[in-house]
Amino acid sequence: MSIRGLKKKQPKTFKVKIITVDAEMEFSCEMKWKGKDLFDLVCRALGLRETWFFGLQYTIKGMCTWLKMDKKVLDQEIPKEDPISFHFLAKFYPEKVEEELLQEITQHLFFLQVKKQILDEEIYCSPEATVLLASYAVQAKYGDYDPNFHEPGFLAHDELLPKRVLRQYQLTAEMWEEKITAWYAEHRGIARDEAEMNYLKIAQDLEMYGVNYFPIAQNKNHTDLLLGVDAKGIHIYSINNRFSPNKSFEWSAIRNISYSEKELTIKPLDKKAEVFKFFSSQLKVNKLILQLCIGNHDLFMRRRKVDSIEIQQMKAQAREEKARKKMENQRLAREKQLREEAERAKEELERRLFQLEDEARQANEALLRSQEAAELLAEKAQIAEEEAKLLAQNAAEAEQERQRLEITALKTKEEKRLMEQKMREAELIAVKLVKESDRRAKEAEHLKQDLHEAREAERKAKQKLLDITRLNYPHIVNYPQYSPTDTRDANFDKGSVKLDLKDIDLKRLSFEIERERLDYLEKSRKFEDRLKELKSEIHALKLEEKQSGLYS
């Protein structure tokens, strides 16, 4: 057979997208498939056996409709899409979730759907109940509460409360988290399936749980009532009150339900009772109401009959599974408890070990400190011994120094006495020199005066001699050849010699005076130098005396 022939024999298919509450799946369906074929494929993919609660829902022209199981998929009025989208949802609700929901997957799907309806405010729930339900949802998602792991803010990205409740109470996200965590901490040890079951057990007691509402009217012109269909029967509500029905028809009390165009009739089992008639907005609505009524009525009657072999087997398996899970949970809880005890014992041992290590470390540190202290004390003892030797040596040296200072002091006293004596002698010499200086000064002054007088007398004598010469020998120049003249000249020369001799005496006297003055200055300079030396010696002696006093 050729490849072309194989291609021709392959059936034509179309794609569908199945959307569950928490996942999406795509399938290829044959063109001839009925709704049941697609539904069974989805149930097999999910591993679901309790198929009677669920259905495939789609939206057409703004109205939600369920896919019919006995008709071809493409023959029904479905959206013209590629792929065609269907929502896999619970179509019928159990009366008692704990008894009717056998599989864990069934329970999980119901939990997710009811939780979404509560958050979307399709099911009204009081604020207190929403907090409790949120705590079970957190337990199912995160397991047991661990304050070390579940730190503040770990629920920040989880949607747990309806917006109506958040608006009703002016609380921060941290406050709501604190309230939810307070309940969450009390659910310790509850497994995920138990937490989901507890959630559903609380939710099934809510007034709007499992009810499908439709607007109806008692006549063709007014829509002033709501018709609700649930697992227990049909209920009539006022338009503003979905909690308390004005009238109810239980499935066991209904004989027949029928519709004609937009009119739908409910006939009670009691023939004497009044037949209830109402009008809906469309014929499709009546068909949908009738479809829901038939399905819920079938389940209602089924619950009150003996379970089929399949249901009995499923219940037995569910009981075995629950017993197995219970034992497994108990074993896990026991192991967890043992592990926690072991961890606590380990922590205690680690703490004790750390404490012992700390004590050992402290003991080692104390030992090291003791050794260091002993070494320090030995070093200090050695230093003290050396210091004692040094002090003894210093004491000996001090004693020697003291003796030397005593001797020095004695010498100093003697030297001081000698110096004082020298100072007194120097003062006497200075006084004498001063007196001698005064005397020599006076003598010099007298000599200067005598010299001055001698010079004055010489001048006068010369002047007088000249005067006499002029008077006695006026012609001495004109007559030089005469003998008397020569004689006078000789006399004159003798007088000149005498004058010259007198001048020589005066010069000699002046020279002697000057020489004596220079000798006096030289002796004065030497005496001053001697005085300076004496002063420096006295100053040095005073310093030595002060230092001797400090040493003492």
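In the predicted model, lysine 68 counts as partly exposed because its relative accessibility is 33%. Lysine 68 is located in the loop that runs between strand E4 (63-66) and strand E5 (84-90). Beyond its neighbours within four places in sequence, lysine 68 makes contact with Gly35 and Gln76. Lysine 71 is likewise placed in the loop between E4 and E5, and its relative accessibility of 38% makes this residue partly exposed. When residues up to four places away in sequence are not counted, lysine 71 touches Lys34, Gly35 and Gln76. According to the unreviewed UniProt entry, the annotation "binding site" covers Lys68, Met69, Asp70, Lys71 and Lys287.

The largest nonpolar core comprises 97 residues, and Phe86 and Phe88 have the most contacts inside it. Helix H5 (residues 127-142) supplies the largest share of this core, namely nine residues. Apart from residues up to four places away in sequence, the residues touched by phenylalanine 86 include Val16, Ile18, Ile19, Leu38, Leu56, Tyr58, Leu67, Val73 and Ile78, together with Lys17 and Gln57.

An open sheet is formed by three strands in the order E10-E11-E12, with antiparallel pairing. Strand E10 (254-260) and strand E12 (276-279) stand at the edges; each has a single partner strand, so one side of each lacks a neighbour in the sheet. From one strand to the next, the twist averages 15 degrees. Four bridges connect strand E11 (residues 263-268) with E12 in the antiparallel sense, and leucine 264 is positioned opposite phenylalanine 278 in E12. Helix H9 (residues 283-303) packs on the sheet and touches E10, E11 and E12. The direction of helix H9 makes about 160 degrees with that of E10.

Notes:
Residues numbered from 1 in each chain as written. Predicted model: local features only at pLDDT ≥ 70, side-chain atom pairs only at ≥ 80, totals over all residues. Heavy atoms only, no water. Core = buried A, V, L, I, M, F, W, Y, C linked by side-chain atoms within 4.5 Å. Buried < 20%, exposed > 50% of the residue type's maximum accessible area, 1.4 Å probe, protein only. Helix = DSSP H or I, 4+ residues; strand = E, 2+ residues; numbered from the N terminus. Contact = heavy atoms within 4.5 Å. Pairing = 2+ DSSP bridges. Axes fitted to C-alpha atoms, helices over the stretch in contact; angles between N-to-C directions. UniProt positions renumbered as here; feature names shortened; annotations may be inferred.
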